[in-house]
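Good morning, everyone, and thank you for making time for this.

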Amino acid sequence: MTRAQVLDLYFMDARCKLIEIAAYLDRLDRATGEADFRAQAFRDALRHLASDGAGRAAEVLRSLSDPTDQPVDKAPGKGAVGAWPG
Amino acid sequence: MRYIEPHGHMVSRTTDDYLDMVTAGCAAVCEPAFWAGFDRGTASGFRDYFAQLTEHEPKRAARYGLPHFCWLCINPKESEDVGLARDVIATIPEFLSRPTVLGIGEIGLNKNSKNELRVLEMHVDLAARHDQLILVHTPHLEDKLKGTRLILDVLRADSRIKPGRVLIDHVEEHTVRAVLDRGHWAGMTLYPISKCTPARAVDILDVNGTERLWMNSACDWGESVPLAVPRTALEMRRRGWSASAIDRVVYQNPVRFLSQCPNFRLPADA
């Protein structure tokens with residue numbers, strides 16, 4: 001695909017999501033309460049968006065992932081929350 | 001257009017979904033054993049579930065002219081209880097000779113615990129002893145990268161396992177290359193929020209090619225879209241993919257992998 005074709009297909013959708021993220025960050029700033037590892041992980045992942053070159057999606061996913069390599073002793077429930085608590 | 005839905009938890013869906021899928025061109029659906037949303041308490045509960053997958057659900061799908069196949073296991077979400085898992089795994093061989101069973105799946109990891117790993121090894125051993133195909137679930141979200149690596153290590157450690165007879169599902173941009181580089185097949189799951197969107201799935205195909213890759217909706221009792229595969233085929237069309245290239249991904253690739261199981265047969269006019 002040409003850049004123009006990609007823009008024609010995806011620019012408005014990406015623009016929408018970009019504004020959603022900005023609004024989410026504003027919403028989070030207005031909210032009260034304790035700091036949360038998910039909010040920090042999100043801000044850390046945002047840095048990859050501004051990087052040059054391919055592989056931004058993979059880098060965002062990696063930055064939100066558990067980086068350890070050993071199995072845990074016991075499953076802490078069943079669900080996942082989208083970011084590694086550390 | 002024709003397509004295979006290689007991963008749909010149809011016991012959780014309505015007959016309307018069967019109607020829509022067949023209308024959209026679905027030529028076969030494959031249903032891995034799954035977590036019910038609550039923990040089943042006994043091996044006999046699983047026996048009933050395996051009977052549902054191998055007896056009842058194929059009849060329900062047949063009313064819409066849709067061939068239905070299944071995979072059997074105890075899901076990783078229920079693998080923390082190793083004793084129960086051992087009892088359930090012991091019941092599986094009596095179902096393996098049923099005519100619509102494709103293999104062992106979806107096995108794998110959920111929270112990457114030691115007990116989950118032990119049960120995964122038991123499943124892999126079961127598949128090896130009975131020469132079964134394997135369908136692997138990789139963990140969700142933050143647990144996926146680590147879980148995928150642990151799963152790949154378990155598979156490599158068992159010399160009886162042929163990589164081309166294993167499909168590792170729910171890959172994303174950060175895991176797909178490792179799966180393909182080990183010689184396995186990889187599945188992309190199309191979900192509204194987690195896993196892959198249609199656009200990202202087509203990106204993964206653009207970057208990695210179409211060899212040993214398939215797409216599925218993994219529709220179940222949660223937020224999921226039974227028509228996600230044909231909708232992604234539409235995304236491919238919007239991006240200029242030819243009809244034959246789309247057919248290779250949504251139909252021929254699943255047929256190639258699944259045909260390694262002699263039970264996977266489609267009507268001649270599919």
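**Where the two chains meet**

Let me begin with the contact between the chains, where 24 residues of chain A are in contact with 27 residues of chain B. Please keep in mind throughout that what we are looking at is a predicted model.

Which elements of chain A give two or more residues to the side that touches chain B? They are helix 1, residues 3-30, and helix 3, residues 56-63, of chain A, and of the elements in chain A it is helix 3 that provides the largest share, namely four residues. If we sort that side of chain A by class, we find 15 nonpolar, three polar and six charged residues.

Staying with chain A for a moment, the domain assignment gives domain 1, which covers 1-32, and domain 2, which covers 35-65. The centres of domain 1 of chain A and domain 2 of chain A, taken over C-alpha atoms, are separated by 15 Å.

Now let us turn to chain B, and to its sheet. In chain B, eight strands form an open sheet in the order 1-2-3-4-5-6-7-8, and the pairing is parallel. At the edges you will find strand 1, residues 3-5, and strand 8, residues 213-216, of chain B, each of which pairs on one side only. From one strand to the next, the twist averages 25 degrees.

For a particular pair, look at strand 3, residues 68-72, and strand 4, residues 101-108, of chain B, which pair in the parallel sense over three bridges; Leu72(B) has Ile104(B), in strand 4 of chain B, as its bridge partner.

Finally, I would like to show you a pair of helices in chain B. Helix 3, residues 82-91, and helix 4, residues 114-129, of chain B pack at an angle of about 10 degrees, with their axes 10 Å apart. Because angles under 35 degrees count as roughly parallel, helix 3 of chain B is roughly parallel to helix 4 of chain B, and the crossing of helix 3 of chain B with helix 4 of chain B is right-handed.

Where they meet, helix 3 of chain B brings Val82(B), Ala85(B), Arg86(B) and Ile89(B), while helix 4 of chain B brings residues including Val119(B), Met122(B) and Leu126(B). By class, this contact between helix 3 and helix 4 of chain B has six nonpolar, two polar and two charged residues.

Definitions and conventions: Residues are numbered from 1 along each chain as its sequence is written. Chains are lettered from A and ligands numbered from 1 in the order in which they are written. This is a predicted model: local features need pLDDT of at least 70, side-chain atom pairs count only at pLDDT 80 or more; totals for chains, interfaces and linings use all residues. Domain bounds come from an automatic or database domain assignment. Axes are lines fitted to C-alpha atoms, for helices over the stretch in contact, and angles run from 0 to 180 degrees between N-to-C directions. Angles under 35 degrees count as roughly parallel, over 145 as roughly antiparallel, 65 to 115 as roughly perpendicular and the rest as oblique. A crossing is left-handed if the near helix is turned anticlockwise from the far one by less than a right angle, and right-handed if clockwise. Two residues are in contact if their C-beta atoms, placed from the backbone, lie within 7 Å. Ala, Val, Leu, Ile, Met, Phe, Trp, Tyr, Cys and Pro count as nonpolar, Asp, Glu, Lys and Arg as charged, and the others, Gly among them, as polar. Two strands pair if DSSP finds at least two bridges between them.
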